[in-house]
Amino acid sequence: MENHYIDETIFNLPSVGLSDKDRLDALDIFHKYIDIKKNHFLGYQNCSKLDYVNDLKDFLEYHINNIGDPFSPGYFAMNSKILEKAVLDYYAALWNAKKPHDPGDKDSYWGYVLTMGSTEGNLYGLWNARDYLSGKKLVIDDVKECNSRCRQTIPKTRYSEAAYEKHNPNAFTPVIFFSQDTHYSIIKAARVLEINTPYEIGAKKYPGENPLSKTGEWTRDLTEVPSVKGPEGTGSIDIEKLKILVEFFASKGHPVIVSCNLGTTFKGAYDDVEKVGKTLMPVFEKYGLINRKIIYDEKGDEDIRNGYWIHIDGALGAAYLPYLEMAYKQEKLGAQGPVFDFRLPFVSSIVMSGHKWIGSPWPCGVFMTKTGCQLYPPDNPDYIGSMDTTFAGSRNGMSSIILWNYLAKNSYEKQIEKALNCENLARYAEEKLREVQESYPDLDLWIERTPLSLTVRFRKPNDRIVAKHTLSCETLIANGEERTYAHIFTMNSVSKENIDEFAKDLLAPDAYTQGDIESSLKKINVQGYGFKSEFGRGWR
Ligand SMILES: *Cc1c(COP(=O)(O)O)cnc(C)c1O
């Protein structure tokens, strides 16, 4: 939508290229545009206060590529794996995993810095979960010394699969459970990986047996597990309903994947991971999903592993909840979020985005699991000289430098302060919006904030305000009616002044009159955000 504001033709690339002047002018206009957007950026959970140019600009002169496993240097020497390992150790400590990574220690962590954001981490985590639960052979099963060139211990490449279990044909067909507030990357990953959701496999294999419905019929909404009080609730998974569904499929012999949210995308809500685990462990126990013995086709080869996988989608929350917990322990905050990390023995994997809480200039993130749960990598290519254990081939080596620099500059104390600031700002934004509500006696603005979240949601204002503040919007069925909400996130880059200006915009006479996009764009020009006069050529 933003592109409507710019004359796109100035960016056309003719075969002869552009003159230096036209090229620099175009970049200048784009710079001004992106800067305006940055200064009013409220709608997404990305910190847009970045501070990397001075320290790191010189690295743009290098192609830094962390291809292959972070823990083996490989042949591609222009990498930042030294920094990547330091970043991973930092998060292993923050998330209470056993460190350092040790290929011979099943309990130690393993992970890598993602080239995409949490979408890649979710895809990788669920791939790992699927192969683990469907009895594919794991990395740890077969360690041997590598040749002298790569100076490391790596597993031998060999594929192996669990033997068919006559007494339980479902033993290696996992079912995935996640709440209706879950990010779309999880359902995308489930589709790519062909992991069954309750609805898909229920309707096909167990018609008339839906344990949550009086008629037993499976409806499409059971692709997801209901959240507490549905769309009107705070956004946390309904653990009672989760238990009923998990028990149903476990009783049919299926292994179980649960994806928990830590900071849902729209409501910023947290699933109570500890309660999820404590509720489900007795179910797993009852149906033999703890320490299952896996027998392979090959003679005498067996493995003991769990028949469940609990994945934590902490795209936003895993990055700051530990600091809120520290603040709580220091009595600087009256509540803390759920415990979600490797202190809970049933947690199998965690993902986090680097561009959300931290604010990196491009998407990145961290994936972490335990060495004993690692995927058997598809190959051990001689070409790169290190295990191909990651999702991408080439990996962005700059991301590890960005994350490392940020973590080196921001002590736990600083991060606690930032987390408290954001938390206070969210409370402030909620108060401000409630003040705005007083000016609308006849219109319910549906203002809500999930406790401890960094976001406030409310009735979507007109498109001009949505565009100005880059709001994100979502339509939910609540109270039997279709409601289109918008939300703001109070990240570290947001100031009280931003909130005040936003609240003031909501008081405009047409704030809640929806014009079509074209007319609201005209309003932007008419009302003089100064795009045209300030920037001259290139803006309409
Ligand atoms: C943003 C988000 C994702 C996806 O992360 P990307 O970094 O955009 O790939 C996944 N899960 C949740 C809960 C998110 O908020």
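These are my notebook entries on what I looked up in this predicted model.

**Ground rules.** I number residues from 1 along each chain as its sequence is written, and I use heavy atoms for side-chain values, leaving out hydrogens and water.

**Whole chain.** I looked up the secondary structure and found 15 helices and 13 strands, taken as DSSP runs numbered from the N terminus (H or I of at least four residues for helices, E of at least two for strands). Of the 540 residues in the chain, 56% count as buried, where buried means under 20% relative accessible area, exposed over 50% and partly exposed in between, with a 1.4 Å probe and protein chains only. For contacts, defined by heavy atoms within 4.5 Å, I noted that 73% of those with a separation of 6 or more join residues 24 or more positions apart. The chain exposes about 24,300 Å², and carbon and sulfur atoms supply 52% of this area, computed by the Shrake-Rupley method with a 1.4 Å probe, with only the protein chains shown counting as cover for residues.

**Glu84.** I then turned to Glu84, which is found in helix α3, residues 81-94. Its relative accessible area is 0%, so Glu84 is buried. Setting aside neighbours within four places in sequence, I found Glu84 in contact with Asn66, Pro70, Tyr112, Val113, Arg395 and Ser400.

Strand β13 (residues 481-489) pairs in the antiparallel sense with β11 (residues 455-459) over five bridges, and Arg459 stands opposite Tyr485 in β13. Strand β12 (residues 472-478) also pairs with β13 in the antiparallel sense, over seven bridges, and here Ile477 stands opposite Glu482. β12 and β13 form a hairpin with two residues between them, and Asn479 in the turn has a positive phi of about 55°.

**Pockets.** A pocket here is an open set of points on a 1 Å grid over the protein atoms alone, with protein on both sides within 12 Å along at least five of seven lines, and lining residues have an atom within 4 Å of a point. The largest pocket holds about 790 Å³ of space. Of its 35 lining residues, the closest to the centre are Gln45, His183, Tyr184, Thr265 and Phe266. The elements giving two or more residues to this lining are α4 (118-133), α5 (184-193) and β12, and β12 gives the most, with five residues. By class, I noted 11 nonpolar, 19 polar and five charged residues in the lining of the largest pocket, where Ala, Val, Leu, Ile, Met, Phe, Trp, Tyr, Cys and Pro count as nonpolar, Asp, Glu, Lys and Arg as charged, and the others, Gly among them, as polar.

The second largest pocket holds about 510 Å³. Its lining has 16 residues, of which Ile34, Asp35, Lys38, Ser48 and Leu50 are the closest to its centre.

**Cavity.** Last, I looked for cavities, sets of grid points where a 1.4 Å probe fits but cannot get out, and the count came to one of 30 Å³ or more. The largest cavity is lined by Asn39, His40, Phe41, Leu42, His469, Asn498 and Glu501.

Notes. Predicted model: local features only at pLDDT ≥ 70, side-chain atom pairs only at ≥ 80, totals over all residues. Pairing = 2+ DSSP bridges. Points joined across faces, edges and corners; volume = space filled by probe spheres on them.
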